[in-house]
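Let's take a walk through this protein together, from the overall picture down to single side chains. Please keep the viewer open as you read.

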Amino acid sequence: MEKWRAADRLLKFSSRFASAVNWNNSCKSKQGKYFYSVATTVHRNPLFSIISPDDISYFKTLLGERGVVQDALALDAANTDWMGKYRGSSKLLLQPKNTEEVSQILKYCNSRCLAVVPQGGNTGLVGGSVPVFDEVIINVGLMRNILSFDKVIVSGVLVCEAGCILENLISFLDDEGFIMPLDLGAKGSCQIGGNVSTNAGGLRLLRYGSLHGSVLGLEAVLANGTVLDMLGTLRKDNTGYDLKHLFIGSEGSLGIVTKVSILTPPKLSSVNIAFLACEDYTSCQKLLLEAKKKLGGILSAFEFLDSDAMSLVSSTTFLGTENHGQEVIKDKHGQDFTSIDLRALPLEFWYSYASGSIFMENLEAFLLHSVESGLVANGVLAQDINQASSFWHIREGLPEALMKAGAVYKYDLSLPLEKMYDLVEEMRVQIGPAAKVVAYGHLGDGNLHLNISAPAYDDNILAKIEPFVYEWTSKNRGSISAEHGLGLMKAAKIHYSKSPETVRLMIDFDYCVFELLPDTSCLDDNHSIICLCLSA
Ligand code: 2HG
Ligand code: ZN
């Protein structure tokens with residue numbers, strides 16, 4: 001996971017915004033919207049300008065030398081996503097220090113028809129955080145001030161700039177006796193502005209809900225430089241449309257989030273975590289329902305990984321050599337988890353995590369009941385914070401383990417729980433021995449991370465996965481993007497999860513409210529909808 005944290009620097013927004021910035025005002029007459037159809041390759045729209053020496057001089061006057069990055073190494077890193085799968089060719093990275101500078105940059109780029117891409121931690125997994133072509137990269141990583149924290153009047157309202165790294169906010173709140181309602185494996189690099197712009201989900205959504213619930217306010221800058229102050233800190237405010245919600249999860253396509261106000265819950269007095277082995281997926285699923293029934297609202301996370309995920313993570317991740325938990329119940333084979341290190345965990349099981357401010361006795365009682373009823377084959381309870389983090393290390397180590405294993409095709413799906421694992425099994429049949437299908441995810445949220453791991457990227461493998469995976473998801477009324485967003489990867493696939501009328505409204509809405517031009521000549525023939533735009 002370290003690499004994930006260390007390699008990433010900037011905010012996570014979609015490159016779709018690159019077009020959006022240039023669709024308004026002065027650019028209107030010159031160009032229409034560029035849409036990426038399922039059947040076509042993305043081409044750079046020649047109507048976008050190329051950066052000139054005058055542009056560079058303007059930015060240097062505005063931001064100073066430090067704020068204008070043209071160094072090849074820095075640009076290479078900012079052009080490449082965390083997986084090394086998406087690569088742009090931007091020649092310019094800008095680092096504004098405040099909202100006013102963001103506004104000036106956008107105003108200027110808009111007047112010059114320069115495409116831009118906002119970027120943060122660059123931890124995105126769908127190619128939404130890097131340029132597609134030569135867009136100007138706008139990095140708000142220098143905007144990392146915590147502006148206020150109110151723990152007295154309205155308990156737990158944090159106001160901060162978009163470039164604050166999630167882990168830093170978590171530590172700040174910890175000292176104040178509060179927690180972030182959001183926690184992700186990428187917390188060491190991802191930034192709150194990017195989290196909000198992508199409506200990141202993560203490990204605590206089960207308990208604290210999505211960012212649509214906890215974000216109280218936002219400041220955002222539109223393509224033409226207009227600053228929208230929606231930075232309220234009120235729990236209740238029914239004055240007209242609640243526009244901040246449009247920016248949460250719109251992946252930067254409507255504007256750049258520059259400040260966030262977020263409601264943070266008090267720190268839990270105790271957190272306990274159980275790491276449980278089940279004999280199959282059905283047992284994991286039933287266990288979740290039992291956990292919800294028996295542990296209710298005190299459950300903050302319920303994750304799962306299948307046996308292929310477990311064997312992958314054990315073969316590629318250092319899991320330690322010491323005992324990591326206390327045995328609660330011996331399994332029916334007499335296996336005792338406390339007498340072995342995590343590397344020796346049986347690989348044929350499906351594993352679940354249940355975590356929350358659950359009293360140890362309640363958790364033990366729950367486990368005992370689950371073993372007696374045959375849902376759980378064995379279980380370990382973490383005895384302290386170190387043991388808990390070594391359990392999480394397994395789950396959070398999965399994206400990195402997949403990267404080490406070679407090429408990876410990632411799908412982030414919302415599916416009905418009872419159908420979720422059918423897709424995994426059908427995918428295994430569909431692909432055969434050419435690749436390994438690895439499944440894990442936020443079971444408590446109905447969110448499957450379906451990963452297909454192969455020695456190298458191969459069009460034949462891809463043809464077996466797509467459109468099968470999207471059609472399957474659509475048929476079962478799931479979502480093709482549960483929490484990672486659409487990005488470059490899935491912009492053209494939105495129709496699998498949204499009706500033509502809905503997508504049409506999104507386009508019309510862009511046009512009416514944000515002055516972004518629709519282009520009906522770009523309707524996708526097969527689906528009669530406009531696919532979301534990419535930078536052109
Ligand atoms: C997680 O839950 C992230 O670990 C990444 O959302 C998911 O690797 C993935 O597919
Ligand atoms: Zn996830």
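We begin with the whole chain and then visit a few helices, strands and charged pairs.

Please bear in mind that this is a predicted model. The protein contains 20 helices and 18 strands. Of its 536 residues, 60% count as buried. The accessible surface comes to about 20800 Å², and 53% of that surface belongs to carbon and sulfur atoms. As for how the chain folds back on itself, residues 24 or more positions apart account for 76% of the contacts with a separation of 6 or more.

After α3 comes Gly 64, with a positive phi near 80°.

Arg 112 forms a salt bridge with Asp 55, and their closest N and O atoms are 2.7 Å apart. Arg 112 belongs to helix α5 and Asp 55 to helix α3, so the pair ties together parts that are 57 residues apart in sequence. The two partners can be told apart by their accessibility: Asp 55 is buried at 0%, whereas Arg 112 is partly exposed at 25%.

Now for a strand. β14 covers residues 350–356. Here 7 of the 7 residues are buried, so the strand is largely enclosed by the rest of the structure. In a regular strand the side chains alternate between the two faces of the sheet. In β14, Trp 350, Ser 352, Ala 354 and Gly 356 point one way, while Tyr 351, Tyr 353 and Ser 355 point the other way, and all are buried.

Which strands pair with β14? Strand β11 (residues 272–278) runs antiparallel to β14 and is joined to it by 7 bridges, with Ala 277 having Tyr 351 as its bridge partner. Strand β12 (residues 299–305) also pairs with β14 in the antiparallel sense, over 6 bridges, and there Phe 304 stands opposite Ser 352. Ser 352 has a relative accessibility of 0% and counts as buried. Beyond its neighbours within four places in sequence, Ser 352 has contacts that include Ala 274, Leu 276, Cys 278, Cys 284 and Phe 302.

Let's turn to Lys 259, in strand β10 (residues 256–263). Is this lysine buried or exposed? At 17% relative accessibility, Lys 259 counts as buried. Lys 259 forms a salt bridge with Glu 219, whose closest approach between N and O atoms is 3.4 Å. The pair links distant parts of the chain, with Glu 219 in strand β8 (residues 215–221) and Lys 259 in strand β10, 40 residues apart. Glu 219 is buried too, with a relative accessible area of 8%. Setting aside neighbours within four places in sequence, the residues in contact with Lys 259 include Thr 99, Leu 147, Cys 160, Glu 161 and Leu 231. The C-alpha atom of Lys 259 is also separated by 9.5 Å from that of Arg 144, which is 115 residues away along the chain.

The count of salt bridges comes to 19. One of them joins the side chains of Lys 267 and Asp 174, at 3.0 Å from N to O. Lys 267 is in the loop between β10 and β11 and Asp 174 in helix α6 (residues 166–176), 93 residues apart. Lys 267 is partly exposed at 40%, and Asp 174 is partly exposed at 37%. Elsewhere, Asp 183, Lys 187, Arg 204 and Glu 396 are linked in a network of salt bridges.

Two last stops remain. Helix α15 (residues 398–405) is mostly covered, with 6 of its 8 residues buried, among them Leu 398, Pro 399 and Met 403. Just after α15, Gly 406 takes a positive phi of about 130°. Leu 246 lies in helix α10 (residues 244–247) and is partly exposed at 31%.

How values were computed: Residues numbered from 1 in each chain as written. Chains lettered and ligands numbered in written order. Predicted model: local features only at pLDDT ≥ 70, side-chain atom pairs only at ≥ 80, totals over all residues. Heavy atoms only, no water. Helix = DSSP H or I, 4+ residues; strand = E, 2+ residues; numbered from the N terminus. Buried < 20%, exposed > 50% of the residue type's maximum accessible area, 1.4 Å probe, protein only. Contact = heavy atoms within 4.5 Å. Pairing = 2+ DSSP bridges. Areas by Shrake-Rupley, 256 points an atom, 1.4 Å probe, with all protein chains shown as cover. Salt bridge = Lys/Arg side-chain N within 4 Å of Asp/Glu carboxyl O.
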